[in-house]
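Dear colleague,

I am passing on the structure below, followed by some notes on how its side chains pack. Please read the notes with the coordinates open beside them.

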Amino acid sequence: MPSINEQPIPAARPVIGEEEIEAAVRVLRSGRVVQGPEVAAFEEGFSELVEGRHCVAVNSGTSALHLLLMALNIGPGDEVIVPSFSFAASANAVRLVGADVVFADIEPGSFNLDPAAVEAAITPRTAAIMPVHLYGHPAAMDKIMAIADKHKLAVVEDACQAHAAALNGTPVGAFGAGGTFSFYPTKNMHSLEGGMISTGDAETARTLRLLRNQGMEQRYANEIVGANMRMTDVSAAVGRVQLGKLGGWTEQRIANAAYLSANISAPGVVTPMVAEGARHIYHQYTIRVQGDRDAAMAKLTEAGVGNAVYYPTPIHRLKPYWEPDQKAGRTWDLPETEKAAAEVVSLPVHPSLTQNDLERIVAAVNALGENL
């Protein structure tokens, strides 16, 4: 149990400071609150994270995935290769455009798509590959891009957890046909709620701007069928403040993770790996517990250390996917996905942690060694 003077350490801690509040109030007082100058400025600023690519702001990370697939003309009759070890939004976006989800297994170290499994999953109907940069670790984009080029497939990056992550110096969101980011409050930066799409193609960017705004660039001059997935200027103003802090926060997350990895030594606990050339930005610091995970999590909670499982149920086992697959007699061979879902636990790594917090986390995890 934590001492009477010690508060529990939360698994995540969204930051909403005075600068964010002042930015939101400034926009509210301006009267320009939707799809205005703040959104344009946020898009321009975020572009610097993705090698100057076109950026299109929307109302959520899920909308970003959905609209990017639409803009790439992916729909009924197409297949998209997706990891099952991810948040459901990754696969949901594929279903929302009417395409079929094909699940591929993950690498045990990075928790990201296994390129060999991707290549094995390609069929004549495959239209795209969706690597998810899970927990902030970049997927093996060099290998995935080579596979995509070989088979002439689009690559849609789900970078919703990976703002400022990179592989061999190239930032995520700058590899494929497009990348998507989330600004949900628990992400490494947020805009209260929102998303961003990056693309290197100007025509795709224009299509995305039409799709998010009822299919029109000029009012009442609708060019295509679109939706209302705009970002508000209030969200963009908050996002701009957070974007200015992202660099410092990212370095703190990396430093916190380095401390944890250097000091956690419990038998049966595996700390996160970082692939060669990868910049892991630690949206989550995720360990593997090779023992009784439920008991371990209970012990961590008792010690005042926040913890969570992302994700306890692989997407292919969720009802909207499992039941149709069962009826169709379709099965997925995903052993690394199943193993990860049974072992992972995410620990606090956010930049608000103090040195005392880090020491408490290490002590609590190392104490598990006696019980695993």
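Tyr285 touches, leaving aside residues up to four places away in sequence, Ala257, Leu260, Ser261, Ile264, Thr271, Pro272, Val345, Ser346, Leu347 and Val349, where contact means heavy atoms within 4.5 Å. This is a predicted model, in which local features need pLDDT of at least 70 and side-chain atom pairs count only at pLDDT 80 or more, whereas totals for chains, interfaces and linings use all residues. Residues are numbered from 1 along each chain as its sequence is written, and side-chain values use heavy atoms, with hydrogens and water left out.

In the largest nonpolar core, which has 35 residues, Phe85, Tyr285 and Leu347 touch the most other members; such a core is a set of buried Ala, Val, Leu, Ile, Met, Phe, Trp, Tyr and Cys residues joined through side-chain atoms within 4.5 Å. At least two residues of this core come from each of α8 (233-263), β12 (285-289), α9 (293-302), α11 (335-343), β13 (344-347) and α12 (355-366), with helices (H or I, at least four residues) and strands (E, at least two) taken as DSSP runs numbered from the N terminus. The most is given by α12, with five residues. Another core, of 30 residues, lies apart from it and has Val58, Leu65, Met130 and Ile197 among its members.

The structure also holds 12 aromatic pairs, that is, rings of Phe, Tyr and Trp (its six-membered ring) with centres within 6.5 Å, counted as stacked under 30 degrees between planes, edge-to-face over 60 and tilted for the rest. The rings of Tyr310 and Tyr311 are edge-to-face because their planes stand at 70°, with centres 5.8 Å apart. Tyr311 is buried at 13% relative accessible area, while Tyr310 is partly exposed at 26% (buried is under 20%, exposed over 50%, partly exposed in between, with a 1.4 Å probe and protein chains only).

Best regards
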